[in-house]
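Subject: Structure handover

Hi,

Here is the structure we talked about. Please look it over; my notes follow below.

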Amino acid sequence: MVDKIDAGQFELEERLIGVNRVMRVRKGGRTPSFNAVTAVGNRDGIVGLGFAGANEVPSAIAKSLADAKKNLIRIPLINGTIPHEIVGKYKACNVLLKPAGPGTGVIAGPATRIIMEYAGIRDILTKRIGSRNLKNIAEATIQGLKSLKRIEDVARLRGISVDDLLS
């Protein structure tokens, strides 16, 4: 079980990933509504993703930011990149995340790039496979980041020291 992270402890930056206009068809006609996807992070290993809908765009964004602050996760970072390669999966979308050497930068699409930058990842290679839906890409990225393992945890599970694992 992952420990809950309190949003009040950190200086979080907020960013809108995308807004989507949707229609609800009822007896009286079509009713427009808006969905917003946002990311928050402290650029040092803490990031969150939020999704919410409302009748107006500002309300949807505000609700989405509140949701993002409730869903914060901690990411293991090693010299500005991730510890190992992983594929994040969400519905029909897969996002491949590969660690990269210093100076590479963030090679990613718009949704993944925002999440990586707010997580504090400076060097990474990514590839979106499957769905082009912004929300699904963002969710798959977060799923991949959640699945990352710290090197200390892997060594403990295997019953060896970190030095033995690295050699």
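Isoleucine 107 sits opposite leucine 125 of S8. S7 and strand S8 (residues 124-130) run parallel and are joined by two bridges. Strands pair here if DSSP finds at least two bridges between them. Helices (H or I, at least four residues) and strands (E, at least two) are DSSP runs, numbered from the N terminus.

This is a predicted model: local features need pLDDT of at least 70, side-chain atom pairs count only at pLDDT 80 or more, and totals for chains, interfaces and linings use all residues. Residues are numbered from 1 along each chain as its sequence is written, and side-chain values use heavy atoms, with hydrogens and water left out.

**Sheet with S5 to S8**

The order is S5-S6-S8-S7, in an open sheet of four strands with mixed pairing. Strand S5 (86-90) and strand S7 (106-107) are at the edges with a single partner strand each, so one side of each has no neighbour in the sheet. Helix H3 (residues 134-146) packs on this sheet and touches S5, strand S6 (93-99) and S8. Contact means heavy atoms within 4.5 Å. The direction of H3 makes about 135 degrees with that of S5. Axes are lines fitted to C-alpha atoms, for helices over the stretch in contact; angles run from 0 to 180 degrees between N-to-C directions.

**Sheet with S1 to S4**

Four strands form another open sheet, ordered S1-S2-S3-S4, with antiparallel pairing. S1 and S4 are its edge strands, each pairing on one side only. Neighbouring strands are turned by 15 degrees against each other on average, direction ignored. S1 and S2 pair over 13 bridges. Glutamate 13 stands opposite glycine 41 in S2. H2 packs on this sheet, touching S1, S2 and S3, at about 140 degrees to the direction of S1. H3 lies across S1, S2, S3 and S4 and runs at about 150 degrees to S3.

**Cores**

The largest nonpolar core has 28 residues; Ile17, Val47, Leu97, Ile115 and Leu145 touch the most other members. Such a core is a set of buried Ala, Val, Leu, Ile, Met, Phe, Trp, Tyr and Cys residues joined through side-chain atoms within 4.5 Å. Buried means under 20% relative accessible area, exposed over 50%, partly exposed in between (1.4 Å probe, protein chains only). Strand S2 (29-41), strand S3 (46-54), S6, helix H2 (110-119) and H3 each give two or more residues to this core. H2 gives the most, with six. Apart from this core lies another, of seven residues, including Ile5, Leu12, Val40 and Leu65.

**Helix H1**

The 14 residues of helix H1 (residues 57-70) should span 20 Å at 1.5 Å a residue, and the end C-alpha atoms are 20 Å apart, which agrees. The expected span is 1.5 Å times one less than the number of residues. Ala60, Ser64, Leu65 and Ala68 are buried in H1. These buried residues fall within an arc of 135 degrees seen down the axis, so they line one face of the helix. The arc is that of the directions from the helix axis to the C-beta atoms. Pro58 and Lys70, on the other side of H1, are exposed. Cover for the buried residues includes strand S1 (13-26), S2, S3 and strand S4 (72-74).

**Positive phi**

Arginine 43, in the loop between S2 and S3, has phi near 60 degrees. Its relative accessible area is 39%, partly exposed. Asparagine 79, in the loop between S4 and S5, has a phi of about 50 degrees. Asparagine 79 is exposed, at 66%.

Best wishes
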